Amino acid sequence: MKIVVIGGTGRIGSTVVKRLAAHGHDAVPASPATGVDTISGEGVAEVMVGADVVVDVSNAPAWEDDAVLAFFTTSTRNLLAAERDAGVGHHVAVSIVGADLLPDSGYLRAKVAQEAEIEAGGVPYTILRATQFLEFLPQIVDAGAEGDSVRLPTGLMQLVAADEVAATVAELATSAPANGRVELGGPEALSADAWARRLFATTGDGREVIADPHARYFGTELHGGELTTGDGARIGAIDFDRWLAGEAEGAAR
Ligand SMILES: NC(=O)c1ccc[n+]([C@@H]2O[C@H](COP(=O)([O-])OP(=O)(O)OC[C@H]3O[C@@H](n4cnc5c(N)ncnc54)[C@H](OP(=O)(O)O)[C@@H]3O)[C@@H](O)[C@H]2O)c1
């Protein structure tokens, strides 16, 4: 199958492309770096010619509320219009577990808007809602940095390895459209402050970790388990220790 991977040069996208190609598919990475821009429209119609499936794992270059909303809405609309013209049979996109439960976050509102465009877009679709990536943990922690400490929410996070997200995306892209959502999360759910302590114990970071129920994650307070998966979700096998061992092995190579 010809499978166009929008954002195919990114963290998830580059692994999706490799996995699909290893299974004999014509996997085409598409992003500004390859001459395809879903905002300006440059190269979009051309790359769709003959495509069976489009995977969208792009991300916005700017995350302010208005910018991120404009990116995901415009990009998704442009993609779906081109997919309808080209007769693409399946649109697969990655969203975020609990996005609709946390409307104070501009980024999560933008992901909900992206999902709504897909649901109304007239192309058979599958939305994978994933939890936060383990690879994203240092950034989550640093978002709470205050001098010699980090202040983090006490709400639960169920971090998942990006490689397992990519594997699931590749599998969904070669399956029939669900015309609905599939959830994927990691095997461990801890509060954000507990994740930070775990990370610091391995990196030797001496900063104090402050658990604050009112600290914000991407602009929103977390009240409990909004970012954790529900019934019927797929659960990844890679926990923090296994992920860390894999990272260390990768760095040594
Ligand atoms: N981080 C998390 O914990 C998390 C959790 C759940 C879901 N997600 C979702 O997962 C998705 C992928 O995230 P990621 O971390 O893999 O992203 P990433 O590494 O930041 O990659 C972003 C990709 O988007 C491309 N892109 C940017 N602007 C574009 C445009 N105008 N047209 C086409 N492509 C464009 C980039 O292309 P260039 O390389 O050419 O700039 C790059 O390939 C996102 O939708 C995100 O919301 C993330």
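The second largest pocket holds about 260 Å³ of space. Of the 13 residues that line the second largest pocket, Glu-135, Asp-163, Trp-243, Gly-246 and Glu-247 are the closest to its centre. The model is a predicted one. The largest pocket has about 650 Å³ of space, and the ligand takes up that space. The whole structure also has one cavity of 30 Å³ or more.

**Second largest pocket**

- Three helices each supply at least two residues of the lining of the second largest pocket: helix 1, helix 6 (162–173) and helix 8 (240–252).
- Helix 8 provides the largest share of this lining, with five residues.
- Sorted by class, the lining of the second largest pocket consists of five nonpolar, three polar and five charged residues.

**Largest pocket**

- The lining of the largest pocket is made up of 36 residues.
- Val-57, Ser-58, Asn-59, Tyr-107 and Phe-133 are the lining residues that lie nearest the centre of the largest pocket.
- Helix 1, helix 3, strand 4 and helix 4 are the elements that give two or more residues to the lining of the largest pocket.
- This lining divides into 20 nonpolar, 12 polar and four charged residues.

- The elements with two or more residues in the shell around the ligand are helix 1 (11–22), helix 3 (65–86), strand 4 (90–96) and helix 4 (106–119).
- Strand 4 contributes the most to the shell around the ligand, namely three residues.
- In total, 27 residues surround the ligand.
- The closest residues to the ligand are Thr-9, Arg-11, Ser-31, Ser-58 and Tyr-107.
- In terms of class, the shell around the ligand contains 14 nonpolar, 10 polar and three charged residues.

**Ligand contacts with the backbone**

- Pro-32 has a polar backbone atom that is 3.5 Å from an oxygen atom of the ligand.
- At Thr-38, a polar backbone atom is 3.0 Å from a nitrogen atom of the ligand.
- At Ser-58, a backbone N or O atom lies 2.8 Å from an oxygen atom of the ligand.
- The ligand taken alone exposes 950 Å², and the protein buries 85% of that area.

**Largest cavity**

- How much space lies in the largest cavity? The value is about 40 Å³.
- The residues that line the largest cavity are Ile-140, Ala-143, Gly-144, Arg-151, Leu-152, Pro-153, Arg-216 and Tyr-217.
- Strand 7 (149–152) and strand 12 (216–217) are the elements that give two or more residues to the lining of the largest cavity.
- By class, five residues of the lining of the largest cavity are nonpolar, one is polar and two are charged.

Note on methods
Residues numbered from 1 in each chain as written. Predicted model: local features only at pLDDT ≥ 70, side-chain atom pairs only at ≥ 80, totals over all residues. Heavy atoms only, no water. Near = heavy atom within 4 Å. Polar contact = N/O pair within 3.5 Å; in protein donor to acceptor, adjacent residues only side chain to side chain. Areas by Shrake-Rupley, 256 points an atom, 1.4 Å probe, with all protein chains shown as cover. 1 Å grid on protein atoms, 1.4 Å probe; cavity = no way out; pocket = protein on both sides within 12 Å on 5 of 7 lines; lining within 4 Å. Sits in = over half its atoms within 2 Å of the grid points. Helix = DSSP H or I, 4+ residues; strand = E, 2+ residues; numbered from the N terminus. Nonpolar A, V, L, I, M, F, W, Y, C, P; charged D, E, K, R; others polar. Points joined across faces, edges and corners; volume = space filled by probe spheres on them.
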